[in-house]
Amino acid sequence: MTETVPAPRYTTYVPLTDLTPAPGNPKRHEVERIIESISTHGFVDQPIADERTGTILGGHGRREALIEMQTRGEHLPAGLLLDHDGGWLVPVQRGWASRSDAEAKTLNIKLNKIGADGGWRPRDFAAYLEDIVTADAALYDSLAIADQELENLLRQVDPETLPGAVNEDRASVLHLPDDGSDDPGSDGLSPDDEGRARLVTCPACAHAFTPGR
């Protein structure tokens, strides 16, 4: 007979009104964007409970968004359940307990910070964006990527090497012009480069790109 081992982490549905935020949670939230995401995709990212304190760690912004959605009288988001009184029940990850207030605060910060600190792989990110905007412009708009952020990204990527482009199998580095010959007046382009825009190498990632592209 196989003995059942209790799951160290498990999901339970908890009344939205019972989700207690961590005191002094320092993370700010773009609640309207979270509401849009939940409305579009359903509720897919569970808050995490701290069994020692009875509060949640990750999930404060989602809690705020759900409270606002319920106040506005919006429909129950996909992924939630209704209780007998019509209250919203939220899936919450249970089973983790902090050993001290300091550890709870540390994990709170890590849950919000580590993912963002990783940044993006420019070429893969650009390829994702290309796929999204081609398939569904409204979904692309929902990403709300700032123009400056997008420009900084595209300066690191050769669009001709993105999936579906003619040269997608080529390494994601543009052809570098010659360093100019011995002519002091040379503009740095070889005879074969005539008509092609001068390239600049990014000092951070060593990628070559065309200025203003």
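Predicted model: local features only at pLDDT ≥ 70, side-chain atom pairs only at ≥ 80, totals over all residues.
Local features need pLDDT of at least 70 and side-chain atom pairs count only at pLDDT 80 or more, while totals for chains, interfaces and linings use all residues. Residues are numbered from 1 along each chain as its sequence is written, and side-chain values use heavy atoms, with hydrogens and water left out.

Let's start with the helices, which are DSSP runs of H or I with at least four residues, numbered from the N terminus. Helix α4 (residues 122-135) packs against helix α6 (residues 147-154) at an angle of about 120°, and their axes are 9 Å apart. The axes are lines fitted to C-alpha atoms over the stretch in contact, and angles run from 0 to 180 degrees between N-to-C directions. On the α4 side, P122, F125, A126 and L129 meet L150, L153 and L154 of α6, where contact means heavy atoms within 4.5 Å.

Next comes N108, which sits in helix α3 (residues 101-117). Beyond its neighbours within four places in sequence, N108 touches A22, N25, L57 and H60.

Finally, the structure has 10 salt bridges, each a side-chain nitrogen of Lys or Arg within 4 Å of a carboxyl oxygen of Asp or Glu. One of them joins R72 and E32 at 2.4 Å, N to O. R72 lies in the loop between α2 (60-71) and β4 (81-82) and E32 in helix α1 (residues 31-41), so this pair ties together parts 40 residues apart in sequence. Shared partners join E32, E68, R72 and E74 into one network.

Methods
Helix = DSSP H or I, 4+ residues; strand = E, 2+ residues; numbered from the N terminus.
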